[in-house]
Amino acid sequence: GIAYNVTGTATLLAAANAADMSAAVNLIASDDASVAEAVTITAFTNSGTNTYGISDAIAGFIDANADNQAANNAAVEAATGTVTATGNATVAQAEVVSALTKAVVYSVSDTSANIEGASAAALNEAVDVASTGVSTVAQANAVMAATNSGTTTVANVNDTAANVLNLTTGSNDVVTNVNVLDSVNATTANA
């Protein structure tokens, strides 16, 4: 037979005749694939390598069906280029992509309660982390302890004056609103 490689957009590769793609040596996507396209490309039985990156909405990385999730994970792990999840992941979604060996570019936005329960990896591997709703100082400090590469934003902190004095922010941390829930005396205010 004739040895050949196939280069084309990820959409065209995924939609191509399976027998033709499987008879090829190498499959090379000229642009980023969606997760579904990457699953299809990796299912071909070509004799060489598959070259692709992935860019898809975070929801495209997640599937409630265990077999489908395993196929998604395998396609992400096999990606040779950058893998980017667009939009904001919930903590549950961030847990899935952060557990992969392949680095995935993603951001997280969820409630303070959900973020407080997140694994360190889910937050630390993210670009931006946003805690929505109302947080205590302890919850806000836990979120802002993440070592994510972008900005960490806490929407609202509601706590006592004594606790608010213990709010710890770093250079990439933003607290949008702080509400003191008790009276402040001069000693506390000047502490």
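Which residue is the bridge partner of I28 in β3? In this predicted model, in which local features need pLDDT of at least 70 and side-chain atom pairs count only at pLDDT 80 or more, totals for chains, interfaces and linings use all residues. Residues are numbered from 1 along each chain as its sequence is written, and side-chain values use heavy atoms, with hydrogens and water left out.

The partner of I28 is T51 of β3, and this pair belongs to the two bridges that join strand β2 (residues 27–29) to β3 in parallel. Strands are DSSP runs of E of at least two residues and helices are runs of H or I of at least four, both numbered from the N terminus, while two strands are taken to pair if DSSP finds at least two bridges between them. The open sheet that contains β2 has three strands in the order β1-β2-β3, with parallel pairing. Its edges are held by β1 (6–8) and β3 (50–51), each of which has a single partner strand, so one side of each is left without a neighbour in the sheet.

A further open sheet consists of six strands in the order β4-β5-β6-β7-β8-β9, again with parallel pairing. Here β4 (54–57) and β9 (173–180) stand at the edges with a single partner strand each, so that one side of each lacks a neighbour in the sheet. From one strand to the next the twist averages 10°, where axes are lines fitted to C-alpha atoms, for helices over the stretch in contact, and angles run from 0 to 180 degrees between N-to-C directions. Within this sheet, β5 (residues 83–89) and β6 (residues 105–111) pair in the parallel sense over three bridges, and V108 in β6 is the bridge partner of A89. Helix α5 (residues 91–98) lies across β5 and β6 and runs at about 150° to β6.

Residue Y106 is among those with the most contacts inside the largest nonpolar core, which has 44 residues. Such a core is a set of buried Ala, Val, Leu, Ile, Met, Phe, Trp, Tyr and Cys residues joined through side-chain atoms within 4.5 Å, buried meaning under 20% relative accessible area with a 1.4 Å probe and protein chains only. The largest share of this core, four residues, comes from helix α8 (residues 137–144). Beyond its neighbours within four places in sequence, Y106 is in contact with residues including A85, A89, A94 and V97, contact meaning heavy atoms within 4.5 Å.

Note on methods: Buried means under 20% relative accessible area, exposed over 50%, partly exposed in between (1.4 Å probe, protein chains only).
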